[in-house]
Amino acid sequence: MLRYVYAQDLHTVPELAHSMFQDRADQFRDRLGWPVDVSDEGAERDSYDDLNPLYVIWEKPDGGHGGSMRFLPTTGPVMVNDVFGDMIGGGPIRSPLIWECTRFCLSRGADRRVAAALMLAGGEIMDRFRLTSFVGVFDARMVRVYRAIGASPEVLGSRGTGHDRISVGLWHQTPEARARVGARAGISDAQSAAWFARAFGGDTERDYALSA
Amino acid sequence: MLDQGSLNGILKDLETATALEGLQIATEALSAHFGVDHVVYHWVDSRGDQYGCGTYSEAWKKRYLDQNYLRVDPVIAGCYQRFHPVDWKQLDWTGKPARAFLAEAIAYGVGNQGYSVPVRGPVGQFALFTVSTNCSDDKWRAFTEDNSRDLILIAHYFNRKALAFEPDRSEEQAQALSPRETDAITLIALGYSRAQVAEALAISEHTLRVYIESARFKLGATNTTHAVARALSRGLIVV
C-alpha cells in the first residue's frame, strides 16, 4: 500500500524507513554508482533528508520497502536549485505550488506496478495540495520506466554519462496521465483516495461526502 | 470570481508596509475581500516565541494564550513543520481536549470551517496562515476550490513580510528573477501570447508555466498581469 510519511514521523514506521534508506543505498550507490553517502548501517541519506521532507513509500505486504520518492517545496533548499540551476533557466525555481521530487527508488525485484503506484501518489499529491508541477531529479535511465507507466516527464536537461547520467525534468497535472498511471498500477481511484486519507485525514471519497 | 484588482492592491499594501501594523491591516482587508469571518497569520519560531495578527476577537486571542492552546490546537499539531495545506475537516478532532477546544473556538466566533497553510521559513521559523468562517460544507468546498492557490501564495507573502521585520535579520534579499523568468515576463509584457512566448524561448507551454509561476511567486503576485506590472515597476524588466 501507499504510505505518505513526513521525515519527522518515520520513527513510527522504523522497519519501513530503514529498508527504504537501505534500498536507496542499493540503488544509488551499488547499482548506479552515484557518489552518495552511506552510513555504517547501510542507509543512504543526504542533507535534504534532514529538512523534514515528505516521503511517498510503497509498502510491500511483508511491511518492507518496495519503492519510494521524496518531496520538498521549492520555497526552501532543493537539489534542482542548489545543483542544477543551469538546466532550469539559469536561476532558482521558487514557488509553494511547485515541489521537487527526488530519490525515486525501486527496490530490487519491484515491478512496474510499484513505479506506477508511486506516480499515482504523485498525482494525488498534486491534486489535493493544489500544486501546478513537480520538478524532478532522476537517473536518466528512469525516463524509459516513466514512459512505460505513462508518466513521462518533460526532460529539461541531463548531465554526466553512462551510469552517472542525471536528468532534470518536469511533471504537470493532466487528468489523462492520472487515469493512465492508475490503470498501470492496478489501483482504483477509491483505493488511492483511501490511502491518501489514511495519511492526511479527511473523507476517503474524491468528492467530500455531503455531511454535517 | 473574486476581484483580482482589489487583491493586488491589498498585496501591494502588504508588501510596502513599514510596520507590523501593515500585516494586521492586510488580514482585515483580506477577510473582507474573500468574504470570510477571519484571516489570521500566526508565527511560531523554534524558540517558542509567538506572534500573531488577524481578525479573531481580543477575547479569543487572550483565551488562546492564557490557556496555552498551542499545545491542544489540532491545527498546530497537524501543520507544525509540515508544508501541505490543511482543511480543518482533515484533522483529528476526536480527542476530548480537541473537542472541548473546538466547541470553545466556535463559541468565540472562530467559525466551523477553516483552511490553514503552513509556511516554513529559515532556521526553524514556522508560520501558519489561516482563513476561517461559519458556513456549510458545500459552500466551504467551493470556496477552497476557487481560492486555495491564492491562499497558499498569500500565506508565503505574509511570512516574507514578517521575516523582513525581524530585528536581527538583514533585509530579505530582493527576489531576483532568473534569466529565463526575465525573458518570459518580458515577452508577456510585450503582449506575446503564451504560445508565442514558448515558441520564442524554444520551450513547451508547460515549462513556460513553471517559469511564470516561479516569477509570480518571487514578485509577490497572485496573477500574471500583476507579476508583469511589478516587474516593470521594479525595473526588473525593460520593454
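A residue is called buried here if 20 or more other C-beta atoms lie within 10 Å of its own. In this predicted model, 8 of the 11 residues of helix H7 (residues 179-189) of chain B are buried, so the helix is largely enclosed by the rest of the structure.

**Helix H7 of chain B**
- The buried residues of H7(B) are Arg180(B), Glu181(B), Thr182(B), Asp183(B), Ala184(B), Ile185(B), Leu187(B) and Ile188(B), and what covers them includes helix H8 (194-201), helix H9 (205-218) and helix H10 (224-233) of chain B.
- Just after H7(B), Gly191(B) adopts a positive phi of about 95°.

**The sheet of chain A**
- An open sheet of mixed pairing is formed by 7 strands of chain A in the order E1-E2-E3-E4-E5-E7-E6.
- Strand E1 (2-6) and strand E6 (154-159) of chain A each have a single partner strand, so one side of each is left without a neighbour in the sheet.
- Strand E3 (residues 65-73) and strand E4 (residues 98-106) of chain A pair in the antiparallel sense over 6 bridges, with Pro73(A) standing opposite Trp99(A) in E4(A).

**Helices packed on the sheet**
- H3(A) touches E1, E2, E3, E4, E5 and E7 of chain A, and its direction makes about 30° with that of E3(A).
- H9(B), from the other chain, touches E4, E5, E6 and E7 of chain A, and its direction makes about 85° with that of E7(A).

**Helix pair H3 and H5 of chain A**
- The axes of helix H3 (residues 112-128) and helix H5 (residues 175-185) of chain A come within 8 Å and cross at roughly 145°, in a left-handed crossing.
- The residues of this contact divide into 6 nonpolar, 2 polar and 4 charged.

Conventions:
Residues numbered from 1 in each chain as written. Chains lettered and ligands numbered in written order. Predicted model: local features only at pLDDT ≥ 70, side-chain atom pairs only at ≥ 80, totals over all residues. Buried ≥ 20, exposed ≤ 12 C-beta atoms within 10 Å, placed from the backbone. Helix = DSSP H or I, 4+ residues; strand = E, 2+ residues; numbered from the N terminus. Contact = placed C-beta atoms within 7 Å. Axes fitted to C-alpha atoms, helices over the stretch in contact; angles between N-to-C directions. Left-handed = near helix turned anticlockwise from the far one by under 90°. Nonpolar A, V, L, I, M, F, W, Y, C, P; charged D, E, K, R; others polar. Pairing = 2+ DSSP bridges.
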